[in-house]
Each structure stands twice: as structure tokens, then as C-alpha cells.
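This report walks through one protein model for a reader who is new to structures. Please keep the sequence and the 3D view open while reading.

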Amino acid sequence: MSFTIKENITWVGKIDWELRKFHGEEYSTHRGSSYNSYLVRDKKTALIDTVWTLFTHEFIANLQKEIPLDKIDFIIANHAESDHSGALPQLMKLIPDKPVYCTANGVKSLKGHYHQDWNFKIVKTGDTLNLGSKELVFIEAQMLHWPDSMMCYLTGDNILFSNDAFGQHIASERMYNDQVDQAELFQEAIKYYANILTPFSKLVDKKIKDVLALNLPVDMICPSHGVIWRDNPAQIIQKYLQWAADYAENQIAIVYDTMWDGTRKLAEAIAKGITQADESVAVKLFNIARSDKNDVITEIFKSKAVLVGSPTINKGILSAVAAILEEIKGLGFKNKKAAAFGCYGWSGESVKIISSQLKDSGFELLNDGLRAQWNPDPDAVAQAVDFGKQIGQQLNE
Ligand code: FEO
């Protein structure tokens with residue numbers, strides 16, 4: 001499959017309808033994904049990015065229907081992660097002398113992945129590549145989200161090839177932002193941001209502002225995953241600026257696991273208390289052992305506070321709660337509040353452990369947490385409702 005974006009630009013990527021996990025098993029992709037590769041034809045021809053390794057042969061066969069491979073003059077490797085560079089080794093066997101344009105870190109990453117000394121051309125921000133009547137302008141995007149990440153901008157057509165930035169894991173036969181369900185599109189875009197880009201929010205903000213300061217007209221943003229932003233591409237730039245600014249909605253996420261339903265009862269009672277104190281706040285409960293962790297991370301990203309609950313087991317916490325706390329720590333959320341809760345039988349360390357981990361992860365603790373021994377009786381449930389009310393009031397002040 002290929003399709004024409006403009007007379008001189010053809011999409012030659014791969015739509016992966018089957019993908020359900022990405023980054024190994026780390027990232028859920030309920031709606032599949034696409035690996036976008038673009039062929040830009042002028043007096044010279046450039047190929048921007050390739051596809052994931054699994055689809056190498058399909059990609060090259062498809063590309064050959066578009067152009068004899070030796071007519072490709074330049075290969076642009078915006079990012080070395082193998083969902084975009086995976087077809088390069090085979091492609092470079094067929095056209096071994098063609099120059100590969102990438103950042104200095106791109107050379108390190110590509111060599112690290114494939115152990116090949118291709119004809120690398122290192123580029124920096126502001127460097128240009130003349131295609132004939134138009135130019136590609138390179139923009140380094142270090143740590144968005146790898147050290148090697150780069151974007152490029154095509155003059156004349158005013159297209160930003162943004163690589164992972166502004167992408168979404170969506171498979172669609174309709175590859176433009178105005179052709180797909182808007183709720184699905186923005187859900188996948190915010191999930192991508194929350195799970196991949198949160199740690200780099202300061203850099204996202206700075207890079208976007210640096211690029212905006214160049215005053216380049218942007219008619220289209222072509223990311224490396226999902227649909228192309230052709231209808232008002234500024235909308236996703238504005239969303240990224242919002243998301244990069246310690247984003248929070250009027251929402252509280254309650255994330256817990258439970259053994260014999262005691263901690264679940266606390267979670268539900270806390271939710272009831274919050275809602276009694278503040279009717280306007282959205283409260284969402286997730287049994288993390290039964291929920292998709294990337295969806296939960298997205299909801300935490302959208303929340304002004306997260307309450308984390310686990311019963312005590314073996315002087316510790318349940319493994320699903322430990323796993324999400326580790327994930328939260330790595331993402332480095334900013335400007336969010338938190339509290340812990342949990343049932344216990346005898347030693348009862350869980351609340352202290354969770355509170356300590358949340359504090360170390362940068363959350364502001366709302367209190368010392370709520371503990372309930374054995375299965376919560378009506379008094380313990382009432383205490384949990386009060387605990388929720390206090391939190392609802394604190395967060396509403
Ligand atoms: Fe889509 Fe960072 O690779």
C-alpha cells in the first residue's frame with residue numbers, strides 16, 4: 001500500500017492492524033499502529049524513515065513499485081529505534097553507497113543496533129539538504145524521545161516530518177486527522193504523550209517554542225506513527241504545549257489492588273467521600289492488577305491527584321501496585337498530589353511504603369495515609385469516606 005500526500009510526496013510505510021503490544025510488552029496498542037515512511041521527490045529523491053524490521057520485505061517490495069531503489073538519492077534516518085530503522089539493513093544491502101542523514105547520536109544508535117558502517121552524513125539543527133527546487137531543513141530533537149531523535153522540514157510544501165512527536169498508535173485506512181474519530185485520535189495522542197514523553201516535558205516545551213520562533217509555515221505534520229495532521233496541524237502543537245505544562249484535569253485517580261476485597265472497599269468508600277465533598281471532580285477507580293497499565297498511566301497523567309492502595313503482604317505491597325509505582329517513578333510526573341491507603345492483618349507496612357515511594361517520585365503527599373485492619377467494618381468504611389471527604393475538600397480549596 002502507498003498513497004499520495006502531495007504530488008511529490010508519497011507515503012510508503014506499513015499499517016500494522018495486528019499490533020497489540022509495542023516496546024516489547026511495555027505499551028498497549030489497542031488500535032494497532034503504523035510505521036510511516038515518506039518518499040519525497042524533487043530533482044533528487046529522499047526517503048524519510050523506514051518501517052519496523054518485521055515488515056522489511058513488504059516495505060522494500062512496496063517501495064520498488066514506487067521507484068527503482070537506485071533512484072533514491074538520500075535516506076533520512078530521523079530516529080534509530082527499530083520501528084523506524086528496522087528495514088535499513090536490508091535496504092542498505094541493496095543500495096549500499098547511498099548517504100544516510102542522521103544526527104551524531106543517530107550514527108551511534110544505528111551502529112549500535114546494526115553494526116554497519118554506512119555512508120553516514122551527520123546533520124545538526126539548521127543544516128539543509130537541497131533536493132532541487134525544495135530543501136529539507138534538519139531540526140535535532142534530542143531526548144524527544146531518544147538522544148538521536150530528529151525532525152525535518154520540507155520547504156515549499158511546508159511539511160514537518162516530526163518522527164515520534166505528535167504521533168499516535170492508530171491503524172487506519174484513512175490516514176489524515178480529519179478522517180478519523182476525533183475521540184479515538186486524541187485518546188491515542190494523549191496516551192502516547194503520557195507514556196512516552198512525560199519525562200521530557202521541559203524539553204518538549206522548549207523545542208516547540210524554538211521551532212515556533214523560526215516562524216516556518218506548517219501546512220502539515222507527518223509523524224512516524226498514526227495519522228497525518230493536515231487539518232489545523234497547530235491543534236496538536238497546542239495540545240503538546242498544554243500537556244508539557246504539568247497537565248492536570250479536574251480528576252482524581254484511585255489505583256489499587258486487593259486480596260480479599262478489603263482495599264477495594266476502602267477505594268470505593270474514599271471515592272464516595274471525595275464525591276460528597278466535591279461534585280465537580282471526576283473520580284476514577286482502577287484495580288491495577290486488572291487494568292491496562294498504559295491506560296492507567298494516561299488517567300494518572302490527566303489527574304491532579306492519585307491515591308494508591310495496597311494491602312500489606314510479606315511486609316510489603318502487592319506486585320501490581322509495586323509495578324505501577326515503578327512506572328510512575330520513571331515518568332517523573334510534576335505538580336500532582338497523592339495519598340496511600342490499604343488494609344492489613346498484622347504488620348501493616350503497605351501505606352508507609354506507598355507513601356514513601358510516592359514522595360520519592362515527586363508527589364506532594366496530602367496526608368499520612370489511611371490504614372484499616374482486617375476487612376473494613378462499618379466504622380472503617382465510614383473512616384474511609386471521611387478520608388475521601390477531607391481529600392476532596394483539600395483539593396477543592
Ligand atoms: Fe516510534 Fe521511538 O520509535
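The largest cavity is lined by 15 residues, and those that lie nearest its centre are Met151, Leu160, Phe166, Ile208 and Val211. On a 1 Å grid over the protein atoms alone, a cavity is a set of points where a 1.4 Å probe fits but cannot get out, whereas a pocket is an open set with protein on both sides within 12 Å along at least five of seven lines, and lining residues have an atom within 4 Å of a point. This is a predicted model, in which local features need pLDDT of at least 70 and side-chain atom pairs count only at pLDDT 80 or more, while totals for chains, interfaces and linings use all residues. Residues are numbered from 1 along each chain as its sequence is written, and side-chain values use heavy atoms, with hydrogens and water left out.

Helix 6 gives the most to the lining of the largest cavity, with five residues, and helix 7 supplies at least two. Helices (H or I, at least four residues) and strands (E, at least two) are DSSP runs numbered from the N terminus.

In the table, nonpolar stands for Ala, Val, Leu, Ile, Met, Phe, Trp, Tyr, Cys and Pro, charged for Asp, Glu, Lys and Arg, and polar for the others, Gly among them; a volume is the space filled by probe spheres set on the points, which are joined across faces, edges and corners.

| Space | Volume | Lining by class |
|---|---|---|
| Largest cavity | about 200 Å³ | 14 nonpolar, no polar, one charged |
| Largest pocket | about 350 Å³ | eight nonpolar, nine polar, two charged |
| Second largest pocket | about 200 Å³ | seven nonpolar, three polar, four charged |

Of the 14 residues that line the second largest pocket, Thr198, Ser201, Ala244, Asp246 and Lys334 are the closest to its centre, and the elements that give two or more residues to this lining are helix 6 (201-213) and helix 7 (234-244). The largest pocket has 19 lining residues, with Trp260, Pro311, Thr312, Tyr344 and Gly345 nearest its centre, and both helix 8 (262-277) and strand 20 (337-344) supply at least two residues of its lining.

Phe166, one of the residues nearest the centre of the largest cavity, is also, with Leu63 and Tyr240, among those with the most contacts inside the largest nonpolar core, which has 88 residues. Such a core is a set of buried Ala, Val, Leu, Ile, Met, Phe, Trp, Tyr and Cys residues joined through side-chain atoms within 4.5 Å, where buried means under 20% relative accessible area, exposed over 50% and partly exposed in between (1.4 Å probe, protein chains only). Leaving aside its neighbours within four places in sequence, Phe166 is in contact (heavy atoms within 4.5 Å) with residues including Leu160, Ile208, Trp229 and Tyr240.

Asn62 lies in helix 1 (residues 56-66), and it counts as buried because its relative accessibility is 9%. Beyond its neighbours within four places in sequence, Asn62 is in contact with Met1, Ser2, Val12 and Gly13.

Helix 9 (residues 293-301) is mostly covered, since seven of its nine residues are buried, among them Asn294, Ile297 and Phe301.

Over the whole protein there are 12 helices and 22 strands, and buried residues make up 57% of the 397 residues.
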